[in-house]
Amino acid sequence: MKGKTMRKTLNLLACVALLSLLPLAPSTLGSAKLPSSPARAPGRQLSGYTGVIAAPAEDVACNSTQIEQDAAKWTAQDTLTATAYLPLASHQPVPVAWTLTPFDANKSDLVGPSSWSTNYGKTPEIIVASDGAELDVLAQDYDAQTPWKAVLLHVKPTLTGYVVTQALTHLPMLDRVMGLAVDEAGNRYYATGVDESSVVDPYYPPPDTYRSNIVRVVKVSPAGEILFNVDLDKARHAYNDDAEMIINPMVAASARLAVGGNEIALVHGINTGPDWNIDGKRHQKALSTRLNTATGAIERTSSVWVSHSFDQRLLYDGEGIIEHHLGDAFPRYIVFGRDHTSYPLFHIKGALGENNTYTRLGNMALIEGDAHYGYIAVFASETSPSTGSRINGPRNLAMVRVHRNDNTIDPSLPHTLTVISRDEEKTNRLRWLTSYSASSNRHAERPKLVPLGGDRYVVLWEEWVDTDSYRDTFNGVYGMVIDDHGDQVRAPALITDQHHLHRGDDAFLLDGHAAWMTGDATQQALYIHLVDASLNYEMVTLD
């Protein structure tokens, strides 16, 4: 039996591995497969035990005979497989390897500017909600031997780094994680969706068929209690007979969940009904749902219209939740969706519905202390107006500022880019943050923006070299520090060439640093990457 599986099972009872831990909290339980182990009665497996498997206190000697007697007492019958229940650990470190084989971007997300897949958003993998000091993490689990699909972790700082102090494996979970947010009271809200790409066709699902377990929105208390669990497709239909069906959530897109102002916002890609003018193929668009944070009741079943919507973000600005989309067709621009109305941030070159948008969505942040401009947004796009090829010039980082009242773009930004978008000439006002040249074959990918406060922002991105061979070269993660006008405070610098930024997950603020989280599938570890205002880099391991 593999060592990592042993660590996730009844060997948790082995005192040698647990003597340094405080006693486990006896409340919330999560399930784990139980293989054969010397810590149970010979020839028999635990079955139906739903009590707490607790580590001994530091001053209690390991009594393997007593553990074996207890195991025999728990056994009701012989079974081929059985379930034990891992306790919620609320005070002591929980090794990541006990619960999770995380997504590994260094092995599974190695696509650059010439890859067709990078036109579309990436499904989330390791979603982090940060309050600036502690983290909640919803991570997809890639260990086929565990019965759960994902794990919800809580991470706290220590004198020497960060540790996992809470691990929930028992939560309602469909195939994929979609979004995570935390309110001021520490309640976690997450969304999870089915993976049905292989079964959706012109005939399935049939029209007007609202289904269970397509997307669920769940609220979990700080102690791990499930406070509500909304079956979203059914709930949307109960609220509005004409609500769009949820079909193939996150298809050709990503997803995000945000909380603010007693409201939950969830946005993600879906397929539409079949279009018989094109042999029953289904189009793609964004779907938005708003729910009440106290009850989970549906409050809206739509917001801004974006079709196709290939990537999505959300931002709570203190008054409402703003949507941010990469729109391919209706409209063909980067969308700033405020009060359920769409405003253009950047017009995208190319024809209506041309899947190649030549653009990568970054994210938005708030501007502090400016009477006129309230939002800053970062993205990457080609500096050339040409189209026709997969790559038509260098892809550079850009930023815009959005007026807090009329949602217009700051006209004082120093650069313009005039393009033909949907057969119309559009002039974009923006500020280029990088200056990759056509001759360099270098491109900015995976842009991230993290506000540090006090008019300072860290911008992170990946630099790639396109060799015209569909095998791009990753040069590393780069960073710069800017102010809210886009002026450089710290010039671009290499942060690391050993780890990627996630395409489908956001960077975040932690202890005054810009941060992002990655996973190591081989070591079963999570890494926190930290970048300070001077672009100093540190990596902390949660193992």
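**Exercise 1.** Determine how many residues separate E24 and E25 in their hairpin, and which residue in the turn has a positive phi.

*Solution.* Step 1. Strands here are DSSP runs of at least two residues and helices (H or I) runs of at least four, numbered from the N terminus. Strand E24 covers residues 442-451, and strand E25 covers residues 457-465.
Step 1. The hairpin formed by E24 and E25 has five residues between the strands, and in its turn Gly-453 has a positive phi of about 95°.
Step 2. E24 and E25 run antiparallel and are joined by eight bridges; two strands count as paired if DSSP finds at least two bridges between them. Ala-444 has Glu-463 in E25 as its bridge partner.
Step 3. On strand E26 (residues 473-482), E25 has a further antiparallel partner, with nine bridges. There, Leu-460 is opposite Gly-479.

The model is a predicted one: local features require pLDDT of at least 70, side-chain atom pairs count only at pLDDT 80 or more, and totals for chains, interfaces and linings use all residues. Residues are numbered from 1 along each chain as its sequence is written, and side-chain values use heavy atoms, with hydrogens and water left out.

**Exercise 2.** State how many residues of E25 are buried, and which residues point each way from the strand.

*Solution.* Step 1. A residue is buried under 20% relative accessible area, exposed over 50% and partly exposed in between, with a 1.4 Å probe and protein chains only. By this criterion, nine of the nine residues of E25 are buried.
Step 1. In a regular strand, side chains alternate between the two faces of the sheet.
Step 2. Tyr-457, Val-459, Trp-461, Glu-463 and Val-465 point one way from E25, while Val-458, Leu-460, Glu-462 and Trp-464 point the other way.
Step 3. For the chain as a whole, 59% of the 543 residues are buried.

**Exercise 3.** Give the strand order of the open four-stranded sheet that includes E11, and explain why one side of each edge strand lacks a neighbour.

*Solution.* Step 1. The order is E11-E12-E13-E14, with antiparallel pairing.
Step 1. Strands E11 (255-260) and E14 (298-300) are at the edges; each has a single partner strand, so one side of each has no neighbour in the sheet.
Step 2. From one strand to the next, the twist averages 40°. Axes are lines fitted to C-alpha atoms, for helices over the stretch in contact, and angles between N-to-C directions run from 0 to 180 degrees.
Step 3. E11 pairs with strand E12 (residues 263-275) over six bridges in the antiparallel sense, and Arg-256 is opposite Val-267 in E12.
Step 4. Helix H5 (residues 232-239) packs on the sheet, touching E12, strand E13 (281-292) and E14, and its direction makes about 65° with that of E14. Contact requires heavy atoms within 4.5 Å.

**Exercise 4.** Classify the aromatic pair of Trp-516 and Tyr-537.

*Solution.* Step 1. Rings of Phe, Tyr and Trp (its six-membered ring) pair if their centres lie within 6.5 Å; planes under 30 degrees apart count as stacked, over 60 as edge-to-face and the rest as tilted. The structure has nine such pairs.
Step 1. The ring centres of Trp-516 and Tyr-537 are 6.2 Å apart and the planes are at 25°, so this pair is stacked.
Step 2. The two residues are 21 residues apart, Trp-516 in strand E29 and Tyr-537 in strand E31 (residues 537-542).
Step 3. Trp-516 is buried because its relative accessible area is 2%, whereas Tyr-537, at 28%, is partly exposed.
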